[in-house]
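Hi,

Here's the structure I said I'd pass along.

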Amino acid sequence: MGTADMLPVCLIRKILCYLSYREASRMRILSKTWLLAWLDLPNLEFSGKSIAIVDNIMERYRDGNIPIDKFEFDNSKKPDRISALIDKWLGIALQNGVRHLVYRDVTHSKIYPFPIFKFLEANYLGELVLMGCDLMHVSLSSTSHVVTCHSLRKLSLSRVRLDKNMLQTILSSCPFIVDLIIRNCSRLKNVELRNLPMIKSLAIDIDHPVRIDAPTLEHLYYSSFCLNKLSIDKYKNLKSLEISCTKISDMYLNRLIFRPYCLEKLVLANISLGRFNICRCRSLKVLKIHNCKNIGAIYAPNLVLLEYKGDDIPQLEVALESRQLKQSQMILYPLFNVDAAWFCQLRQSLSDSISWSQVTIYFHKYEEINMNYLHMQYFRDAIPKVDVLDVNFLKPTGECLTFVDALLWSCRPKKLNLQSTSEMFICFMDCLMHMKSLRRALIHDISCLMHMKNLRRALFHERRGQLKELKAYKFDQRNESWHPVEHKREELSIRTVSTLEKYFFLLDW
């Protein structure tokens, strides 16, 4: 007996259930026992498979009466061409006791008439995820008073064709929903969400007014063009609030956020206002700011995680009382070519208030930086405090020592992760080695500059050339391991390739 056959079939089947359907399919080659366990796997996921393969598998499950716990189908064909087959497969899944059903139409057609009440009538479905289908083909008069589904706990509707009456009928039929998601259902207007006594999580993306009556709500994601009509006064149990909105008044936003309830997580996205503050949030532990402009002071003394993501460099003022902060991340996507003024602004932002545990920057391209401009800047602020700097060049082309010099001057990270070509790695290596060599002549240079009363240039050299030691490592994709790289430019030049590779530097300033 081989090693792969030592496990009992029931344990192998349990192992396969923790894998995706594709991963489980690969495991069937281990032995005949694994193949047999895979043949009656209760979780079915079909994405990109041929119609014939899906049909053969579903017929085998039907003929063998093999239980189906999860059925997931991503339809990339035009539904009108395979509508009968989809009906057949869904019928088999329903007949074999499916509890988690996912149907996604990636063609954006919204024309497949999903038989939703047929599944709700079975009363053992626990999760239903629909994307890109039609629910308006059903006559409400024949179903509104008879269908009940006490088992459904999660309902997700994305790009689904339905109106307010259909949604209310579905929700009335499933009173024990815990997790509800409604996204991009364009025909929904004047929606009312009520009579859901067990709901804990709600995600809704809609550009029309919504009335939410759910006092048990703990997690709310709300995305809308205009947010001024959302009220969460009754949600005393709300722990997580995510808001994405392009039109909202600062007065309303402040009233929405500053509540005495136990809000622990706050995510603000795509909000453009005048400068506003996030204060008086003593229960707040997680704060994420995505593509928001002009956020000012942050006073959250129990904040543990802070994340900023956007194309503009933030000017955040984090109160020193936030001593619980363990993770702070800044992710930048500069839209235009950066210059010396951009690096000065970055340095100032990274020097304010807190130490950043991780800064990630995606550069489209790079150009020469006017270092004389940096020489002229006198910074009274503290030196930047960055633990890890992730640098990604989307279009790496050639060397640019002044760009690398300005980047390191503005961030001064303890660790630098670089995903780029070996040519760019050599550029970083040269610049870092030059900074290290500057340390030896630093005292003499500064004394000379001070003697010449060139204070600005002396201060620039003092804050630029303090690199004591560096170590470089490269990721070996073949062996999936890191190994040290020595600075021998001749050998590095020979190995120069144009493909993207992974490197990291450990820096001691």
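Let me start with a strand pair. Aspartate 476 has serine 481, in β23, as its bridge partner. That bridge belongs to the pairing of β22 with β23, which runs antiparallel over five bridges. The two strands make a hairpin, with four residues between them. Bear in mind throughout that this is a predicted model.

Glutamate 480 sits in the loop that links β22 (469-476) to β23 (481-485), and its phi is positive, near 55°, although the residue is not glycine. As a reminder, most residues other than glycine have a negative phi. And is glutamate 480 buried or exposed? Its relative accessible area is 64%, and the cut-off for exposed is over 50%, so glutamate 480 counts as exposed.

You'll find asparagine 123 in the loop between α6 (116-122) and β4 (127-131). With a relative accessible area of 34%, asparagine 123 lies between the 20% and 50% cut-offs and is therefore partly exposed.

Next, a helix residue. Glutamine 345 is part of helix α9, which covers residues 340-351. Which residues does glutamine 345 touch, once those up to four places away in sequence are set aside? They are Ile313 and Gln315. For isoleucine 313, the C-alpha atom is 7.2 Å from that of glutamine 345, while the two residues are 32 apart along the chain. Glutamine 345 is partly exposed too: its relative accessible area is 32%, which falls between the 20% and 50% limits.

Finally, the overall numbers, in case you want them for your own checks:

- The chain has 15 helices and 24 strands.
- It is 509 residues long, and 47% of those residues count as buried.
- Taking contacts with a separation of 6 or more, 58% are between residues 24 or more positions apart.

Cheers

Conventions: Residues numbered from 1 in each chain as written. Predicted model: local features only at pLDDT ≥ 70, side-chain atom pairs only at ≥ 80, totals over all residues. Heavy atoms only, no water. Buried < 20%, exposed > 50% of the residue type's maximum accessible area, 1.4 Å probe, protein only. Contact = heavy atoms within 4.5 Å. Pairing = 2+ DSSP bridges.
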